[in-house]
Amino acid sequence: MNATSEWAAGEAARRRTFAVISHPDAGKSTLTEALALHAHAITSAGAVHGKSGRRGVASDWMEMEKARGISVTSAVLQFAYRDCVLNLLDTPGHADFSEDTYRVLAAVDCAVMLIDAAKGLEEQTRKLFDVCRHRGIPVITFINKWDRPGREALELLDEIEREFRLKPTPVNWPVGTAGYLRGLVDVREPEWMLRYTRTPGGAHEASEEAVPAERAAFEEGADWEQAVEELQLLEADGAQFDRGSFLAGGSTPVFFGAAVSNIGVRLLLDAIVDLAPPPGPRELEGGGSRPVDAPFSGLVFKVQANMDPAHRDRIAFLRVCSGVFERGATVTRAASGKPFATKYAHSVFGQDRSMVDTAYPGDVVGLVNAAALRVGDTLYYGPPALFPPMPTFAPEHFAVVRPVDISRSKQFRRGIAQLDEEGVVQVLVSDARGEQAPVLAAVGPMQFDVVSARMAGEFSAAVRLEVLPYHLARATDAAGADMLNRSQLVKGEALTRIRDKAQLALFPDRWQANSFQRQFPDASLGTLLAAH
Ligand code: GDP
C-alpha cells in the first residue's frame with residue numbers, strides 16, 4: 001500500500017455518509033439542525049432548508065428557489081463528531097420531491113428513516129425506503145415527536161416489521177407513552193434511565209442526566225415498570241441489534257426521541273458513528289469493484305443547472321468513491337474517455353461556496369465547470385473505473401410539452417434532448433404523438449417547472465405543458481404496448497422512454513392497470529423502481 005492509498009483508507013474509515021428519509025413534516029429539518037447542534041458543523045452546503053425563520057442559508061442558486069422559499073439543490077452538511085466526519089445529504093421533499101431525491105440515495109452509505117410517532121409510515125417514507133432496499137442501503141430508524149401524543153411504541157415497531165419486512169431492533173426505549181415522555185433507556189445499559197430537562201430560557205438543547213434504575217423505578221413508578229416489561233418482551237422476541245442483518249437490510253436499529261428538544265439526538269449521532277458503515281468498495285459495471293484505497297474515483301449523482309441567466313454555470317455533485325480527490329488534478333470522464341479539469345471544485349454550494357482542496361471517500365464535492373458532466377457519470381484517475389448507470393425511477397406525473405412558437409422547433413428539440421440527457425426529466429415519445437409533442441414524465445411535478453424555466457431561459461424556446469391524466473407507470477414490452485394502444489376500453493397509453501428505449505404503460509390509476517391486465521392476461525406489466 002502506498003502512502004496515498006493508506007491516507008485514503010484512513011480517511012474513508014472516519015467517514016459516515018448518510019441521508020434522512022422521511023415524509024414532509026416528520027421533522028427532517030429540525031433533526032438536521034439538532035444533529036448539527038450536537039456535532040461541530042464544518043461546512044454547510046446550500047442550506048439546511050430555506051424555510052423562513054430557520055437558521056440555514058437560503059440558496060440563491062435558482063430564481064425559482066427564491067420565489068418558493070425552498071431548496072431545490074440538495075444540500076450537503078458536513079460535520080465532525082467524535083473522531084468521525086459525517087456527511088449529511090439532503091433529500092428534497094415537499095413540492096421539490098423529484099428524481100433528484102432518489103438519486104441522492106445513490107451517494108449515501110446509510111439512511112436514517114425518520115418517522116412521526118403519531119403518523120407512522122407515510123407515503124414518501126415508503127417510496128424512499130423502497131429505493132434504499134433496492135440499493136441495499138442499511139436503514140437506522142428514528143421515531144420522532146415522542147414529546148407529544150402519538151401511537152404506542154410496540155405498535156409502531158409492528159408496522160415497520162409488517163409493512164417493510166424489516167426487523168426493528170430498538171437501541172433505546174421510551175419510558176412513558178408518547179406525549180408523556182419521562183426518559184429513555186439505552187437498551188445496552190438498562191441500569192440507567194436518561195432523563196432530559198429543557199434548559200430554562202427556551203434554549204434549544206436539553207440537558208441529559210443518567211438516573212440509576214432504582215431511582216427511576218421509585219420516581220417513575222408504573223411508567224418505568226412498563227418500559228422494563230416491554231424491554232423483556234422485545235428481548236424474548238429476539239429484537240437485539242444484529243450488525244450483520246442491519247447491514248444486509250434485514251433489520252433496523254430503532255431510536256425514540258424528540259428532535260425539537262434534542263431528546264435522543266446524541267444517541268442517534270453515536271449510532272451513526274458506531275453502526276453506520278463507512279464507505280466501502282463500490283461495484284463496477286461489468287463486475288468487480290473499486291476499493292476505497294484505489295486511486296481517485298467519483299460518481300456524479302446530481303447535476304444542477306443554474307437558472308439565473310446572469311451566471312449560467314452548472315454544478316455537478318460528485319461523491320468521492322475511492323482515493324483522494326485533489327483539486328487541480330485532471331481526471332478522466334469514463335463515458336467519453338476525455339479529461340476533466342477539477343480546478344473549480346467547491347465544498348459549499350449556494351451563496352456560500354468555498355474551494356475544496358482535498359476530499360476523501362464519502363465526501364461530496366461540487367464541480368462548477370460541469371457542462372460536460374451528466375448524472376451517473378464516473379470520474380477517475382489512474383486505472384479506469386465505470387460505475388453502473390443511475391437507475392431511472394417510476395414517474396407519477398406526465399405532461400405533453402410543445403413549443404409555444406412553432407418556428408423555434410429546432411431549439412425546442414435540442415433543449416428537450418439535452419434536459420433528457422441531463423436527467424432533469426424523463427422524455428417519452430410515440431409515433432402517434434410525434435416529435436413536436438413528446439411527453440415529459442416526472443417523479444415530482446416540480447421537474448416540469450424546471451423544464452419550463454430552462455427551455456425559455458436557456459434554449460429560447462418557451463414551452464406549453466398539457467398535463468395528462470395518468471399517475472401510474474408500468475414496464476411493458478412491444479406486444480403489451482400494442483395491446484394497450486389498441487384497446488378501446490382501458491384508459492391508458494403506451495410510450496417509449498428515450499433514455500433507455502423502455503416501453504412504459506401509463507394508466508390513471510391502479511384500477512385501470514388491473515382492468516387492462518384482466519382483459520389482456522398475456523400483456524406483460526412489471527413494476528418500475530419505486531413504483532406503487
Ligand atoms: P420537515 O418537513 O420534515 O423538514 O419537518 P420540520 O423539521 O419542518 O418539522 C415539522 C414540524 O414538526 C415543525 O413544526 C416542527 O417544529 C415540528 N417538530 C419537529 N420535531 C418535533 C418533535 O420532536 N416534537 C414536536 N412536538 N414537534 C416537532
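I looked up the ligand first: of the 15 residues around it, Gly-27, Lys-28, Ser-29, Thr-30 and Ala-258 come nearest. I counted a residue as near when its C-beta atom, placed from the backbone, lies within 6 Å of the molecule. The model is a predicted one, in which local features need pLDDT of at least 70 and side-chain atom pairs count only at pLDDT 80 or more, while totals for chains, interfaces and linings use all residues. Residues are numbered from 1 along each chain as its sequence is written.

I then sorted the shell around the ligand by class and got five nonpolar, five polar and five charged residues. Here Ala, Val, Leu, Ile, Met, Phe, Trp, Tyr, Cys and Pro are nonpolar, Asp, Glu, Lys and Arg are charged, and the others, Gly among them, are polar. Helix α2 (residues 28-38) gives the most to this shell, with three residues. Helices (H or I, at least four residues) and strands (E, at least two) are DSSP runs, numbered from the N terminus.

Next I checked a hairpin. Strands β18 (residues 330-333) and β19 (residues 338-341) pair in the antiparallel sense over four bridges; pairing requires that DSSP finds at least two bridges between two strands. I found Phe-340 in β19 as the bridge partner of Val-331. Four residues lie between the strands, and in the turn Gly-337 has a positive phi of about 75°.

I looked at Ile-315 in strand β16 (residues 314-322). Ile-315 counts as buried because it has 24 C-beta neighbours inside 10 Å. The cut-offs are 20 or more other C-beta atoms within 10 Å for buried, 12 or fewer for exposed, and partly exposed in between, with C-beta atoms placed from the backbone. Gln-304 is 11 residues from Ile-315 in sequence, and their C-alpha atoms are 5.2 Å apart.

For the helix pair, I noted that α11 (residues 409-422) and α12 (residues 446-459) pack at an angle of about 125°, with axes 10 Å apart. That makes α11 oblique to α12.

Most residues other than glycine have a negative phi. Arg-165 has a positive phi of about 45° and lies in the loop between α6 (153-164) and β7 (167-170). Arg-165 is exposed, with 10 C-beta neighbours inside 10 Å. Lys-501 has a positive phi of about 60° and sits in the loop between β29 (493-497) and β30 (503-507). Lys-501 is exposed too, with 7 such neighbours inside 10 Å.

Note on methods
Axes are lines fitted to C-alpha atoms, for helices over the stretch in contact, and angles run from 0 to 180 degrees between N-to-C directions. Angles under 35 degrees count as roughly parallel, over 145 as roughly antiparallel, 65 to 115 as roughly perpendicular and the rest as oblique.
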